[in-house]
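Biologist: I have a model open and would like to learn how to read it. Can you take me through a few features?

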Amino acid sequence: MSQSVQIKNALISVYYKDNLEPIIRELNRLGVNIYSTGGTETFVRNLGIDVIPVEDLTSYPSILGGRVKTLHPKVFGGILARRSFDGDEQQLAQYEIPEIDLVIVDLYPFEETVKSGAAEEDVIEKIDIGGISLIRAAAKNFKDVVIIASKNDYGTLENILKTQEGATTIDQRRSFAHKAFNISSHYDSAIFQYFNQENPLPMFKQSIQSSQVLRYGENPHQAGVFYGNLDAMFTKLHGKELSYNNLVDVDAAVALIDEFTEPTVAILKHTNACGIASRSFIKEAWIDALACDPVSAFGGVIIANDEINAETATEISKIFYEVLIAPAYTDEAVSILQEKKNRIILVRQPVALPTKQFKTLLNGVIEQDKDAVIEGPAQMTPVTNRQPTEHELHDLFFANKVVKHTKSNTIVFAKNNQLMASGVGQTSRVDSLKQAVIKAKSFGFDLNGAVMASDAFFPFPDCAELAAEAGITAILQPGGSINDKLSVAMCNEKNISMVVTGVRHFKH
């Protein structure tokens with residue numbers, strides 16, 4: 001097996017010409033024959049460097065509006081020929097095919113064209129055929145050929161040309177091939193996803209090019225990696241790198257805060273809100289969010305949907321937290337927040353979020369649509385004699401938003417756009433309610449006049465009875481139990497209102 005291969009002939013055909021010139025000049029210095037097409041050929045010629053048109057090699061012009069340029073045996077024969085096979089070498093000589101030792105090619109910008117909202121005919125024209133074939137052929141024959149399929153590798157290649165005088169090792173070629181197959185598979189996945197939007201085939205394909213190795217996973221003995229571009233989502237102003245658990249909480253925080261338009265602050269712990277409040281000003285929202293449960297707030301993730309000013313930053317800095325997220329900060333606020341060494345301060349950027357969710361499960365993957373529904377007062381149907389007041393409907397809407405983003409079984413108490421307490425993740429809804437009552441009382445909240453929301457129906461009247469005893473005056477639930485009438489009767493007996501939405505929000 002060949003270990004070192006000297007580059008004698010190169011085929012270069014790229015869409016993006018950025019930083020290509022130094023490589024062209026190095027190849028010229030080394031006496032490498034350069035074959036090229038179209039715009040790349042013109043680019044090389046304009047550098048004053050000799051270039052051989054692919055048409056001269058194949059004796060065929062570019063045809064079909066450029067759809068067919070390199071798809072020819074004299075091109076692919078030179079790339080795919082095995083130098084260690086006598087039969088391959090004899091055929092190269094017989095048909096006068098040069099050995100192509102270096103292929104530099106990139107792909108038409110298919111994903112960018114799709115994102116631009118271009119017409120389908122323009123999208124289809126950006127499905128690369130020749131380029132993807134060249135990449136696969138060169139990568140397949142990595143024992144003898146160098147494949148550069150991304151401008152991100154130009155620097156590495158330039159260094160090899162300079163320091164190794166045009167010779168490459170088998171390890172270098174294998175590494176380039178590895179990267180090339182990643183590019184080609186990602187490209188094919190993007191094309192499939194485009195065609196799979198309407199009447200989708202039941203196939204799971206995901207490809208994410210960027211990644212970040214995390215310190216560890218959920219626990220120190222577990223490895224962890226984030227696949228995605230965090231830099232597009234957040235600008236980090238201060239603090240250490242986000243951990244696996246930070247990211248899980250940050251994801252939950254972003255999903256929750258996006259339900260609110262008025263100035264709101266939420267504090268999350270283990271993906272559940274331990275405090276949230278909406279107010280006219282962000283400082284007041286922070287103070288009332290913290291009041292919900294200042295004990296659980298310790299070490300939590302804080303998120304705001306409005307600018308953090310100096311006064312708010314001063315208040316926030318009084319507690320220990322892991323991560324703070326906001327769309328903006330005043331300069332003075334940043335200076336105050338940066339006084340705490342390890343706090344992570346993030347500016348959230350306006351990035352579109354996925355509409356699908358998936359995770360590994362058993363020996364496969366489950367996928368679902370993101371829960372994008374939330375029921376407001378217009379979707380709340382009263383089922384009791386006592387009708388909810390306008391104020392109660394407003395509070396029920398607030399509570400319902402929190403319920404949607406809290407682990408089942410959950411019960412949420414709210415009043416005046418403030419979370420008063422929640423019972424989270426219990427195996428019994430009654431236990432969740434009891435937990436919420438205890439927490440509310442422990443932090444001095446008066447539940448009289450508060451509202452209650454549940455992520456699922458009440459199959460028994462006990463929750464309605466306990467809620468009434470705690471001072472709750474209005475209840476929201478999805479409805480749908482064959483025993484709904486028992487809970488409705490209990491509400492009527494206790495003179496509290498109940499509304500049903502017809503939509504449940506389980507969160508496991």
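Modeller: We'll go through the sheet, the cores, the cysteines and one serine. First, this is a predicted model, where local features need pLDDT of at least 70 and side-chain atom pairs count only at pLDDT 80 or more, while totals for chains, interfaces and linings use all residues. Residues are numbered from 1 along each chain as its sequence is written, and side-chain values use heavy atoms, with hydrogens and water left out.

Biologist: In what order do the 5 strands of the open sheet come?

Modeller: Strands of a sheet pair through backbone hydrogen bonds, either parallel or antiparallel. Strands here are DSSP runs of E, at least two residues, and helices are runs of H or I, at least four, each numbered from the N terminus. Two strands pair if DSSP finds at least two bridges between them. In this model the order is β4-β3-β2-β5-β6, with parallel pairing. β4 (52-53) and β6 (146-148) are the edge strands, each pairing on one side only. Between β2 (residues 9-13) and β3 (residues 33-36) there are 4 bridges; look for Ala10, whose partner in β3 is Ile34.

Biologist: Which residues have the most contacts inside the largest nonpolar core?

Modeller: In soluble globular proteins, nonpolar side chains tend to be buried together. A nonpolar core is a set of buried Ala, Val, Leu, Ile, Met, Phe, Trp, Tyr and Cys residues joined through side-chain atoms within 4.5 Å. Buried means under 20% relative accessible area, exposed over 50%, partly exposed in between (1.4 Å probe, protein chains only). The largest core has 55 residues, and those with the most contacts inside it are Leu27, Ile79, Leu102, Val103, Ile104 and Ile147. Helix α10 (residues 170-195) gives the most to this core, 9 residues. Apart from it lies another core, of 39 residues, including Leu214 and Leu419.

Biologist: How many disulfides does a search of the whole structure find?

Modeller: A disulfide is a pair of cysteine sulfur atoms within 2.5 Å, and the search finds 0. For Cys274, the nearest cysteine sulfur belongs to Cys292, 8.1 Å away.

Biologist: Is Ser481 buried or exposed?

Modeller: Ser481 counts as buried because its relative accessibility is 12%. You'll find Ser481 in the loop between β22 (474-477) and α19 (484-494). Not counting residues up to four places away in sequence, Ser481 touches (heavy atoms within 4.5 Å) Phe457, Phe458 and Pro459.
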